[in-house]
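Try each task yourself, then read through the worked solution.

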Amino acid sequence: MRIRRISANLPGFREVRLNPGFNLVVADRVVDQNGPGRGLGKTSLIEIVNYCLGANLGTAQNLVHIKALDDSWAFALDLELDGQSVRVTRGLRRPNEIRVHGDLGDDRPGVVEPDGSRLLRLGEWRTHLGERCYGLSADRPHKYVPGFRSLFAYSARSGPGAFVDPFRTGTEQKAWQVQLSNAFLLGLNWRTVASWQQLKQDEAALRMLSDRNLESIERMEGGLGELESERIRVAADLAELRRAIGDFRVVPQYRDAQLRLDKAASRIKELISEITLNENLLDLYSERMAAEPDVGIAEVVALYEEIGITLAGSTRRSLDEVIEFHRTVTRNRRDYLQLEMSRLRTANTAAQSRVRRIEEEQRQALRLLSSGGALDDLAELQARFGQLSSRLETLDRRAEDIRRLRTDLEKLRTQRQVLRQQTFIDHYERREQWTGVVATFARITNALFGEPGDLVIDVTDSGYAFRTKVRPDGGRGGDRMDVFAYDLTLAATWADRTHSPGMLIHDSAVFERADDRQLVRALSVAASLSAERSIQYVATINSEVLPEEELAALGVDLDSGIVLRLTDAHPGGALFGQSF
């Protein structure tokens, strides 16, 4: 992909035509030479490129301020995409609409407009760019997959936190996104990052459950061993009590009463279960009847008219027939549900009558047993039996919870070990791909600092880990020059591939902490590498720090390389041709 021209729809905008190789946008401070040099549009130019290539507007961006003042602005990029010339336009007023003139290839996303252009939704445009620039598949089986915007951010950094860490492009970037994007760009197996992230989610969910159950149980019950010991003791006591109740004898005349009492309790339990089930079914049927929609032809026609579609008469007649069929089905369903509800109410009334009759039989049996004096002893045994049974159930449940949680945690630990081993093996098997990237980084940093730096790729218990070792003396500017070196390394790595972003754009912020020597070397390396590897390189910089003489002495052609000069000498010298 190459940018040929950057333009806008409103007068005064400073159109920019870019070279296929080295490009500089220079800001001249004339009025306030001691000022910060901001407000001329250097950063806004990069925001416009990102915006036309599918970026969202961040709250801290200059374009948000411009949109608040005048949302009629629309920006355009003339691109070379897959060997074809296309022009993409995106306005601030309707950010979800992307208009493209030109051939987009066989897939041809979007809708054809009367002028021959294609109107794409934002998601369609991002998907198309991902396929063309990085070979991404339009199919996204899960959320942990690389996307065009997350990858292209390393080709056009912009916004807070973009230049703090070579491997991060923003402060809001999540750890898994950092791993995923860099793994993809460096030629590693990015799918293992998705596996790592899913594993982390499973571990987090299980540990949250453990915090509420496992740890509290172990703290209260003394751990699984003591829990099992108490369970054995309670089970033995319960067995002894069961034998005592089984051996309990009352005088013969009360035996029949006791049997009737036991049968009555069992029958009442069955009837209550039956009543409860019927009541649940009644509630369910009531909800289903209330939820039945009553859709008419008028609502359907109104819906289509609201989105701008007029229904023909034949279509309306077809809809009438469909809706009448639907109403017939709905009436039949309601009639059936009403019959079922009537049957359930009758059954519940009969069951409740039987419960009252059995309860009266219970009371008679209890009066007989109480008169004999045997019920108190039996009731005490039964109460104790109920307490021990409840305690045993609780102990069984808690022990099973601990065993299950510990088993699940052990499975996750095993999965982590297996995944780490798989990642390590895959990292080794792909060494031919990433060793070339490491070597390129060493060459670029050697040209910048006079000594090669290290691009380190590790496999840890959390997946891939990336870091750079540049300027061991901690020299000034090194913390942003390693960002410069890493970005240039990625651009050079992808330059020879069939699908490639083909460009690298640097905001002047990347040079702010560099000394004069580093700045000369950085721009010289960018100029030579862009020519050598056919990379379109664009940088914005303030004129007071631009080492023109030194660059000219190194053979950098600034006459053709400087494609735009911005100035604060007059309002028309800014990018937008006016001051905001």
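**Exercise 1. A loop residue and its phi angle**

Is Ser 534 buried, partly exposed or exposed?

Solution. Keep in mind that this is a predicted model. Start with the place: Ser 534 sits in the loop between helix 15 and strand 12 (536-542). Next comes the accessibility. Ser 534 has a relative accessible area of 48%, and the partly exposed class ends where exposed begins, over 50%. So Ser 534 is partly exposed. Now look at the backbone: phi of Ser 534 is near 55 degrees, a positive value in a residue other than glycine. For background, most residues other than glycine have a negative phi.

**Exercise 2. Another positive phi**

Find where Asp 82 lies, then work out its accessibility class.

Solution. Asp 82 belongs to the loop between strand 4 (74-81) and strand 5 (84-91). Its phi is near 55 degrees, again a positive value in a residue other than glycine. With 44% relative accessibility, Asp 82 counts as partly exposed.

**Exercise 3. Pairs of rings**

How many aromatic pairs does the structure hold? Work through the ring geometry of Phe 75 with Phe 576, then of Phe 484 with Tyr 537.

Solution. The structure holds 18 aromatic pairs. Take Phe 75 and Phe 576: their ring centres are 6.1 Å apart and the planes stand at 75 degrees, so this pair is edge-to-face. The pair links distant parts of the chain, with Phe 75 in strand 4 and Phe 576 in the segment after strand 13 (562-567), 501 residues apart. Phe 75 is buried at a relative accessible area of 0%, and Phe 576 is buried at 3%.

Move on to Phe 484 and Tyr 537. Here the centres are 6.5 Å apart and the planes are at 80 degrees, so the pair is edge-to-face. Phe 484 lies in helix 14 (residues 478-494) and Tyr 537 in strand 12, so the pair ties together parts that are 53 residues apart in sequence. Phe 484 is buried, with a relative accessible area of 0%; Tyr 537 is buried too, at 1%.

**Exercise 4. Around an aromatic cluster**

Which residues form one aromatic cluster with Tyr 134? Then see what you can say about Glu 131 and Ser 155.

Solution. Tyr 134, Phe 148, Phe 152, Phe 184 and Trp 494 form one aromatic cluster. Now go to Glu 131, which is in helix 3 (residues 122-134). Its relative accessible area is 18%, so Glu 131 is buried.

Ser 155 is in the loop between helix 4 and helix 5, and at 8% relative accessibility Ser 155 counts as buried. Setting aside neighbours within four places in sequence, Ser 155 is in contact with Tyr 134, Pro 501, Met 503, Leu 504 and Ile 505.

**Exercise 5. The whole chain**

What does the secondary structure of the chain come to, and how much of the chain is buried?

Solution. Count the elements: 17 helices and 13 strands. Then the burial: 44% of the 580 residues are buried. To finish, look at contacts between residues at least 6 apart in sequence: 70% of them join residues at least 24 apart.

Notes
Residues numbered from 1 in each chain as written. Predicted model: local features only at pLDDT ≥ 70, side-chain atom pairs only at ≥ 80, totals over all residues. Heavy atoms only, no water. Helix = DSSP H or I, 4+ residues; strand = E, 2+ residues; numbered from the N terminus. Buried < 20%, exposed > 50% of the residue type's maximum accessible area, 1.4 Å probe, protein only. Phe/Tyr/Trp six-rings, centres within 6.5 Å; stacked < 30°, edge-to-face > 60°. Contact = heavy atoms within 4.5 Å.
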